[in-house]
Amino acid sequence: MYTQGLDSLGKDCLGDSAAESAALEARFQAKIDAEEKIEPKDWMPEAYRRTLIRQISQHAHSEVIGMLPEGNWITRAPTLRRKAVLIAKVQDEGGHGMYLYSAAETLGISRDQMMQQLLSGAAKYSSIFNYPTLTWADVGAIGWLVDGAAIMNQIPLCRCSYGPYARAMVRICREESFHQRQGFEIMLTLARGTPEQKRMAQDALDRWWWPALMMFGPPDAQSKHTAQSMRWKIKRFTNDELRQKFVDVTVPQAEYLGLKIPDPELRWDEETQHYRFGPIDWGEFERVLAGHGPCNRERLEARRRAWEEGAWVREAAIAHAGKRGQRGVQAA
């Protein structure tokens, strides 16, 4: 339903003069300020459309590529129950990607275009998925930390000014909350298990903590898009605000698990009522984003192979849809 009428996207509202364009932008911003949703056929500034395409497509790519680190453990899950839960979770992530690609398509970009941008390196995805899953505890750490950080990022997106994106996020956030609980439960089981299992859980926390903090993006002073995205109410909180909320929520959870956050500078600040944490290695963040992380090539190669091997399925589906359409015309 999201793609109906996209050929006329905003054309009926385009102004011919600078004054008309300014009036359109004023009405657009007034609608956002009034907490009304922008819908696909509404007029919108080109920069707003481009910003949404960039953000939603990157979000979709992250969901789909995020299937790979955990999918690697489906055949090696320690019990049948763990295997079934992990299969369901990986399937959820694929579904999230499809919701988001559909939302992005309402902005006038095709799924093929988005996929080509990903495979060419023009489009990014979350840097967190370029790290390897070395042990079963990593599956728990991803659920607890990575999905926990994702929830912190994504719950405000349920109030995003763009309607299709906001509506897609409602279901995604509900499912991500189960993923976070699943990860925490794995970490709790390991932390209360044998000394070796607890060491494995601590090792996973040591390796995933700092990449999880990087998931919120660069510090506000270096963020190119935050101010405008907040004015348009695509975002509701800054990167640093969300990162701080995540730390404040997660540190007590680690204490409950009996695990230690790998940050010697971490401390509670009584005056601000927040945890203070050490400096993040933004050099590592930039290296991973630039394609030099531990698994960048492996992740993109897996997606490229899946895209090429799935070509016959896409072609068959298009041909089938065409035949059905012809039969419908003939019947009419």
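Me: Which of the 84 residues in the largest nonpolar core touch the most other members?

Reply: A nonpolar core is a set of buried Ala, Val, Leu, Ile, Met, Phe, Trp, Tyr and Cys residues joined through side-chain atoms within 4.5 Å, where buried means under 20% relative accessible area, exposed over 50% and partly exposed in between, computed with a 1.4 Å probe on protein chains only. Here the residues that touch the most other members of the 84-residue core are Tyr48, Ile56, Tyr162, Tyr165, Trp208, Trp209 and Phe246. Please keep in mind that this is a predicted model, in which local features need pLDDT of at least 70 and side-chain atom pairs count only at pLDDT 80 or more, while totals for chains, interfaces and linings use all residues. Residues are numbered from 1 along each chain as its sequence is written, and side-chain values use heavy atoms, with hydrogens and water left out.

Me: With which residues is Ile56 in contact, leaving aside its neighbours within four places in sequence?

Reply: Contact means heavy atoms within 4.5 Å. By that rule Ile56 meets Leu100, Ala103, Ala104, Leu107, Tyr162 and Tyr165, once neighbours within four places in sequence are set aside; of these partners, Tyr162 and Tyr165 are also among the core residues that touch the most other members.

Me: Is Tyr101 buried or exposed, and in which helix is Tyr101 found?

Reply: Helices (H or I, at least four residues) and strands (E, at least two) are DSSP runs, numbered from the N terminus. Tyr101 is found in helix α4, residues 80–105, and it counts as buried because its relative accessibility is 1%. Not counting residues up to four places away in sequence, Tyr101 touches Ala60, His61, Val64, Arg111, Met114 and Met115. Trp210, by comparison, lies 109 residues from Tyr101 in sequence and 29 Å from it in space, C-alpha to C-alpha.

Me: At what angle do helix α5 and helix α12 pack, and how many Å apart are their axes?

Reply: Axes are lines fitted to C-alpha atoms, for helices over the stretch in contact, and angles run from 0 to 180 degrees between N-to-C directions. Helix α5 (residues 111–120) and helix α12 (residues 296–309) pack at about 145°, with their axes 10 Å apart. Their crossing is left-handed, a term used if the near helix is turned anticlockwise from the far one by less than a right angle, with right-handed for clockwise. From α5 the residues Asp112, Met115, Gln116, Leu118 and Leu119 meet Leu300, Arg303, Arg304 and Trp307 of α12. The residues of this contact of α5 with α12 divide into five nonpolar, one polar and three charged (Ala, Val, Leu, Ile, Met, Phe, Trp, Tyr, Cys and Pro count as nonpolar, Asp, Glu, Lys and Arg as charged, and the others, Gly among them, as polar).

Me: How many Å apart are the axes of helix α6 and helix α7?

Reply: The axes of helix α6 (residues 136–154) and helix α7 (residues 163–191) are 7 Å apart, and the two helices pack at an angle of about 145°. The crossing of α6 and α7 is left-handed, and the residues of their contact divide into 13 nonpolar, nine polar and two charged.

Me: Which residues are linked with Glu35 in a network of salt bridges?

Reply: A salt bridge is a side-chain nitrogen of Lys or Arg within 4 Å of a carboxyl oxygen of Asp or Glu. A search of the whole structure finds 17 salt bridges, and Glu35 is linked with Lys233 and Arg236 in a network of them. The closest N and O atoms are 2.8 Å apart in the bridge between Lys233 and Glu35, a pair whose members are 198 residues apart, Lys233 being in the loop between α9 (226–231) and α10 (239–257) and Glu35 in the loop between α1 (18–33) and α2 (46–65). For the bridge of Glu35 with Arg236 the closest N and O atoms are 2.9 Å apart; Arg236 is likewise in the loop between α9 and α10, so this pair ties together parts that are 201 residues apart in sequence. Glu35 counts as partly exposed at 46% relative accessibility, whereas Lys233 is buried at 17% and Arg236 is buried at 17%.

Me: What is the phi of Lys233?

Reply: Phi of Lys233 is near 60°, a positive value in a residue other than glycine. Gln273 also has a positive phi, about 60°, although it is not a glycine; Gln273 lies in the loop between β1 (267–269) and β2 (274–276) and is partly exposed, with a relative accessible area of 42%.
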